[in-house]
Amino acid sequence: MQNLPAHVAIIMDGNGRWAKKQNMPRAYGHKKGVEVLKDTVKSFIKYEITSLTVYAFSTENWKRPPKEVKYLMKLFSQTIAREAAELDEQGIKINIIGRRAKLNQQILKKIEKIEKLTEDNDKLILNIAFNYGGRAEIIDVIKKIKADKNLKTEEITQKLISKYLYNPTISDIEFLIRTGGDKRISNFLLWESAYAELYFTDKYWPEFDEKELKIALKSFAKRQRKFGALIEEADQ
Ligand code: IPE
Ligand code: IPE
Ligand code: MG
């Protein structure tokens, strides 16, 4: 496929509704969601797309019932421990982005472990946004800038802000996919997706497969990106 994006972000939404549709508990949808992410990662490697950032838990998701929050914490913790070796074998580099402060010690240790294990890989960079909020990230950037007493006001540029994000090596989002039918950003990557092409599908995340990914990528391939400049449409 031609004109593929280099960096795709996915808001993996609709796990709960998908489970409900088949009279199963929401947890069943989240579990299936992990399997779908594993398959999606394989498709990305196949299409040679080098960066993927996924939304796994938002700073607002703490508002859910304690039982669901607990399940999502456990699922994340178990998954990054269980899948670490296989992800490493596939050449995937894992970065976890988000606020670390509220996460428990056990999860923090597993995060450090998987990031260290996979740090030299470059086949696919998989950023997992966990306890992530776009506004929280901007606040954390401002705090870091304010704490740097040597920094002069005129040194604050877009480049500098990018350097203070949770992971400064993460490039801008080119293509942002949201499953589950809602057409909103829900506090995901506010800075990084300034010029992202947006794509919404009614499919719930557990139903997303390679065929759906291909449809999305074809939509991206046809788009003309302008970045605010005057770019004439190519002759038909
Ligand atoms: C997305 O699915 C996963 C998380 C937010 C953790 P949801 O849990 O939001 O599923 P719906 O949107 O309620 O169907
Ligand atoms: C966004 O989905 C967060 C994740 C997919 C992790 P939500 O289900 O939390 O978003 P809203 O509440 O519908 O905006
Ligand atoms: Mg949702």
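Visitor: How do the residues of the shell around ligand 1 divide into nonpolar, polar and charged?

Guide: They divide into 3 nonpolar, 5 polar and 5 charged residues. Asp, Glu, Lys and Arg count as charged, Ala, Val, Leu, Ile, Met, Phe, Trp, Tyr, Cys and Pro as nonpolar, and the others, Gly among them, as polar. This is a predicted model, in which local features need pLDDT of at least 70, side-chain atom pairs count only at pLDDT 80 or more, and totals for chains, interfaces and linings use all residues; side-chain values use heavy atoms, without hydrogens or water. Residues are numbered from 1 along each chain as its sequence is written, while chains are lettered from A and ligands numbered from 1 in the order in which they are written.

Visitor: Which residues come nearest to ligand 1?

Guide: Asp13, Gly16, Arg17, Arg26 and Arg64 come nearest, out of 13 residues around ligand 1. A residue is near when one of its heavy atoms lies within 4 Å.

Visitor: And which helix gives the largest share of that shell?

Guide: H1 does, with 3 residues. Helix H1 (15-21), helix H2 (26-47) and helix H3 (66-89) each supply at least two residues of the shell around ligand 1. Helices (H or I, at least four residues) and strands (E, at least two) are DSSP runs numbered from the N terminus.

Visitor: What about backbone contacts to ligand 1?

Guide: Oxygen atoms of ligand 1 are 2.7 Å from a polar backbone atom of Arg17, 3.0 Å from a backbone N or O atom of Gly16 and 3.4 Å from a polar backbone atom of Gly14. On its own, ligand 1 has 380 Å² of accessible area (Shrake-Rupley method, 1.4 Å probe), and the protein covers 86% of this area.

Visitor: On to ligand 2. Which residues surround ligand 2?

Guide: Ligand 2 is surrounded by Ile11, Met12, Asp13, Tyr55, Ala56, Phe57, Asn61, Arg64, Arg178, Arg184 and Ser186. By class, the shell has 5 nonpolar, 2 polar and 4 charged residues. Strand S2 (residues 51-58) gives the most, with 3 residues.

Visitor: Which side chains place a polar atom by an oxygen atom of ligand 2?

Guide: Among them are Arg64, with an N or O atom at 3.1 Å, Asp13 at 3.2 Å and Arg178 at 3.4 Å. Ligand 2 exposes 390 Å² when taken alone, and the protein buries 77% of that.

Visitor: Where does ligand 1 sit?

Guide: Ligand 1 sits in the largest pocket. The space taken by ligand 2 is also the largest pocket.

Visitor: What is the order of the elements in the protein from the N terminus on?

Guide: The order is β-α-α-β-α-β-α-β-α-α-β-β-α, with 7 helices and 6 strands in the protein. The radius of gyration, taken over C-alpha atoms, is 18 Å, close to the 18 Å from the globule rule (2.2 Å times the number of residues to the power 0.38) for 236 residues, so the protein is as compact as a globular protein of that length.

Visitor: What box do the C-alpha atoms fill?

Guide: The box is roughly 55 × 55 × 35 Å, taken along the principal axes.

Notes
A polar contact is a pair of N or O atoms within 3.5 Å; within protein, one must be able to donate a hydrogen and the other to accept it, and residues adjacent in sequence count only if both atoms are side-chain atoms. On a 1 Å grid over the protein atoms alone, a cavity is a set of points where a 1.4 Å probe fits but cannot get out, and a pocket is an open set with protein on both sides within 12 Å along at least five of seven lines; lining residues have an atom within 4 Å of a point. A molecule sits in a cavity or pocket if more than half of its atoms lie within 2 Å of its grid points.
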